[in-house]
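Below is a note for a colleague who is coming to this structure for the first time.

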Amino acid sequence: MDGVELMKKKVFTGVNVFLFLLPALILFIGFLILPIITSGYYSFLDLNLRNLNDPKVFCGWDNYRYVFSDTLKLGKAIVNALILAGLSVFIQLPISLLLALVLGRGIKGERLFLSIFFVPVLISTIIIGQLFIKIYYPGDGILAQLLDSIHLAAPKGYVFNPSDAIQPVECTRALCFFKGKDHITLHQQIGIWLNNADAAAVAAGTKKFATEQYPVQWLGSKYLQLGCCFIPILWQYVGYHMLLLYAGVKSVPPELREAAKLDGATDGQINRYIVIPHIKSIIKICVIFAVTGSLKSFDLFFSMLNGQVGTAADVPGTLLYNQMFNANNYGTGSAIAVMLIVMCFAFALIISAIFKKED
Amino acid sequence: MDNNESINKIGLLPKILMYILLAFWTAVNIFPIYWMFTFSLKSNNELFGIGEPMNLIGLPRKWLWGNYAKAVQTGNLGGNFFNSILISAAAILIVLIASLMATYGMTRIEWRGSELMNRFFMLGLTIPLHASLIPVFLAMSKIGMTNMRMALIIPYAAFSLSMGILISAGFMEDIPKDLDEAAKIDGCGVWRTFITITVPLMKPAVSTVGIYTFLQCWNEFMFASVLYNSSKGKTLPVGVKDLFGQYTTDWGPIGAALVIATFPTLIIYVIFSKNIQESFIAGAVKG
């Protein structure tokens, strides 16, 4: 009888647990896990708008070959995302860490500064993109006006037909400053000054811009657009990493700090030998978030480049969206999605391993 | 803090340098938002100095609130705003119900595998969400659910679920298990204990999870532009993005749309800054 009672109780508990978990399981499995597994399956199918209702054709690794081919250049997009990841880890995170250390040691107005520095994180990345389009606006935007006001660059460039060997003095000075050279070729000037379409037209000789005034196309030029997209992303998420690191800095026991102080340690030494080792696990998480976040980035690139692909600023996210929404090719889109998952998990594991090795 | 400061005396010069650094970073963070607000109230003539002195970054000479009316009318921002609110609210409700129940089921009822189940849910924190877009889109189109608000509400709820469980578990740990025991002795079943005892004590978790979910939903773009994007209705970020195409030359209404899409989050942040910061920290430190 005891056994039966126990059994009954077990079944009862089981039913209850199941019911408690049911809504979460339906959501999680139905809308996250299953779709992702399905993505893996789709990535091996020839699946597009035309054959959506037909029996699907298994096409092996064709989709993967296609996305890495010269038509789509996923490889280049991944490199772009990895450059962003590198900038995040080596420029954005150090700024965040510096701010967290400064705020975390306890200063006047600490909460206020913390709250202000976090504000950009809360704004939609699409909105930030639109805002930066205005900041970069050729000729009239803040950047062009700022450069003009400090006489670093002429806001209006002069662009020529390559056959006219005229040296535009004003813009050459600014460009040489950026490139660290005495002079740059006319071809480079055209590439920097013009947006991609116009530069191609000039090169082909179908269009002339003879001594015409033409403002720098910050987001249009293939030399500048990638860098111009990086800046807002790096700017927006400094506050995010700062907040996480700040929470870590605050969790350092005050006694440790005080003891070190009594032993005559400077602020720098305390940070170096006590605080940073203490928050290592949070630094690890920040590095993982920075790298996986860079790989996944989409909104800002899409917003700033107005959904164009085939630019110098392609990232895996924009290619995925383009394959799905414009090319209506769901097989190749899924192949990109699978590459994203694999890379995110791989980098998370690699970064964890690196941090473990250092211990 | 006072005690701390007496020990942590800083020299005057480093202190000045430190505040210069902080002031500079404050400016870098605030300026784009300030500029967005000011150019939303200006005309192109004022911004670019056509027929009047150029005023790109100063306060508007004349505050053109009409830009806001233009943005709202042209972009149907009122409707988009309402859609965004409704979708966020529904997703928050679903996340709260699902994550509170699941957390209770995993931490308050003893069973083998609860730990493993929890880890399974935590996978959702690292998976790139875009990876589910194509299958979800194809399935939704097949059953004709695209361009319905439901098409966004359910995936949004699924995306915030892992974080909801993570945050709820943290708060539920703080509720003494003795309460459950006492309720059990009084003859209260698990469901009644959950609803009458646990849930009312989870108010701080409810606000933290709710705000986190709100921010995720309010700002999301990729799924919104694929699953819910028609002339009948779209969310605010998608609407603002579309408006940009129509108004490339006139800056004021664009700025107005950007401000309209941003101010709800800023107001919520001013009220709940502590909860918001905690929700972001919880996700990272415990995940």
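1. A salt bridge is here a side-chain nitrogen of Lys or Arg within 4 Å of a carboxyl oxygen of Asp or Glu. By that rule the structure, which is a predicted model, holds 8 salt bridges over all chains.

2. In chain A, the side chains of Arg105(A) and Asp267(A) form one such bridge, with 2.8 Å from N to O. The pair joins distant parts of the chain, since Arg105(A) lies in the loop between α3 (74–104) and α4 (110–122) of chain A while Asp267(A) belongs to helix α12 (residues 267–278), 162 residues apart. Arg105(A) counts as buried at 8% relative accessibility, whereas Asp267(A) is partly exposed at 27%.

3. In chain B, Glu52(B) and Arg61(B) form a salt bridge with their closest N and O atoms 3.0 Å apart; Glu52(B) is partly exposed at 29% relative accessibility, and Arg61(B) is partly exposed at 45%.

4. What do the two chains bury between them? Chain B and chain A bury about 8,500 Å², 79% of it on carbon and sulfur atoms, and the contact takes 90 residues from chain B and 86 residues from chain A. In chain B, Trp25(B), Ile134(B) and Lys241(B) lose the most area to chain A, together 8% of what that side buries.

5. Across this interface the rule finds 0 salt bridges, although 10 residue pairs, both at pLDDT 80 or more, are in polar contact. Helix α14 (residues 251–286) of chain B gives the most to the side of chain B that touches chain A, with 16 residues, and that side divides into 70 nonpolar, 17 polar and 3 charged residues.

Key. Residues are numbered from 1 along each chain as its sequence is written. Chains are lettered from A and ligands numbered from 1 in the order in which they are written. Side-chain values use heavy atoms; hydrogens and water are left out. Contact means heavy atoms within 4.5 Å. Buried area is the accessible area (1.4 Å probe) that two parts lose on being put together, summed over both. A polar contact is a pair of N or O atoms within 3.5 Å; within protein, one must be able to donate a hydrogen and the other to accept it, and residues adjacent in sequence count only if both atoms are side-chain atoms. Helices (H or I, at least four residues) and strands (E, at least two) are DSSP runs, numbered from the N terminus. Ala, Val, Leu, Ile, Met, Phe, Trp, Tyr, Cys and Pro count as nonpolar, Asp, Glu, Lys and Arg as charged, and the others, Gly among them, as polar. Buried means under 20% relative accessible area, exposed over 50%, partly exposed in between (1.4 Å probe, protein chains only).
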